[in-house]
Amino acid sequence: MIIVLKKNSTKQDLQALSSYLEERGLKAHVSEGTEVTIVGAIGDERKLSQDQLKALPFVDKVMPVLKPYKLASREFHPADTVIDVDGVKIGGKEIQIIAGPCAIESEEQLMTVAHEVKKAGVKILRGSAYKPRTSPYDFQGMGEEGLKLLAKAKEETGLVVETEVMDIRNVETVAKYVDIVRIGARNMQNFNLLKEVGKINKPIILKNGISSTKKEFLMATEYILSEGNSQVILCNRGIRTFEPEIRFPLNIGIIPLIKQETHLPVIADPSHSMGKKSLIAPISKAAIAAGADGLLIEVHNCPEKALCDGPQQLTPPEFSKLMKEMRAVAESVGRTL
Ligand code: PEP
Ligand code: MN
């Protein structure tokens, strides 16, 4: 931490700051210039409170050197984390496409889509049983019945399955049926829910909030990691911008940025960010080229009858065509798919 003192600060102020740092196990490295005095706090700066330092009357500026996220950072864990779910690796050379319907609607719908995506080369099936809808009058999901169907789809196809948990009261139930648990955008800062999934032994897909910054996203990640669950997959699902024609524009640049700063797998969700079919393929390919370790793509056997997110769900033939195109992009950047 670098602390800049105010111009009129005195020797006593400097002494007070040195004592403040020493009491917290850090040392002061003082650099007295003609204009200002700068103090480098040497030691674990995370033991310091920036707000407390700023409240000292003789402190002008406080500049942290380290990132506030610790367990997610490359400084803490330099090598890429590869998450292994029943032999399916996320974060390695192979790009994982997680595909399936937005919501689980019936046994026939889920099984049809599961077989179709498997045929196209997918290893992880998505499907939500609990839906975070803007309107309480819209379809809210099948609940535990949907989870049972997901478990059945796993049994029938051998696919790894993932679903969203919205409520702290459902964490145990959801974890009983699926391999990977997803935290949706609207719950990125539901800290109690994050702590709860931090206690289970299942990989977690954490989506960024719809107006979150990179820092807020990574601090939310720390909530899960600090409870002991080190298997977190970060999902970039776009954010709200001034552009009304794209649902939640996906910031392609944030993919390599987060990958540079953290060791965790980073995936992208072109479906919920783009919101319409015609934009899914170009953004999926761009995300792979930018270094995404996987993608979450919605596929429905009959999108015009979907109970949720119809305009963005691909049909199985559309999806299978996209898989071939993505494979070519993956290979061109030294990955497999
Ligand atoms: C989803 O993936 O089903 C979903 C609701 O996405 P998000 O939380 O990103 O809106
Ligand atoms: Mn959806």
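Author: Two strands pair if DSSP finds at least two bridges between them. Helices (H or I, at least four residues) and strands (E, at least two) are DSSP runs, numbered from the N terminus. This is a predicted model, where local features need pLDDT of at least 70 and side-chain atom pairs count only at pLDDT 80 or more, while totals for chains, interfaces and linings use all residues. Residues are numbered from 1 along each chain as its sequence is written, chains are lettered from A and ligands numbered from 1 in the order in which they are written, and side-chain values use heavy atoms, with hydrogens and water left out.

Reader: Which residue of strand 14 is the bridge partner of Gln96?

Author: Strands of a sheet pair through backbone hydrogen bonds, either parallel or antiparallel. Here the partner of Gln96 is Gly294. Strand 7 and strand 14 (residues 294–298) run parallel and are joined by 5 bridges. Strand 7 also pairs in the parallel sense with strand 8 (residues 124–126), over 2 bridges, and Ala99 stands opposite Leu125 there. Between strand 7 and strand 8 the chain passes through helix 3 (residues 107–119), a right-handed β-α-β crossover. Right-handed means that, with the strands pointing away from the viewer, the path from the first strand over the helix to the second runs clockwise.

Reader: How many residues of strand 7 are buried?

Author: In a regular strand the side chains alternate between the two faces of the sheet. Buried means under 20% relative accessible area, exposed over 50%, partly exposed in between (1.4 Å probe, protein chains only). In strand 7 (residues 96–100), 5 of its 5 residues are buried: Gln96, Ile98 and Gly100 on one side, Ile97 and Ala99 on the other.

Reader: Which residues have the most contacts inside the largest nonpolar core?

Author: A nonpolar core is a set of buried Ala, Val, Leu, Ile, Met, Phe, Trp, Tyr and Cys residues joined through side-chain atoms within 4.5 Å. The largest has 68 residues, and Ile97 and Phe319 have the most contacts inside it. Helix 11 (residues 316–332) gives the most to this core, with 6 residues. Contact means heavy atoms within 4.5 Å. Leaving aside neighbours within four places in sequence, the residues in contact with Phe319 include Ile97, Ala99, Ile297 and Val299.

Reader: In what order do the strands of the open sheet run?

Author: The 4 strands run 2-3-1-4 with antiparallel pairing. Strand 2 (27–32) and strand 4 (59–63) are the edges, each pairing on one side only. Strand 1 (residues 2–5) is joined to strand 4 by 4 bridges, and Ile3 stands opposite Val62.
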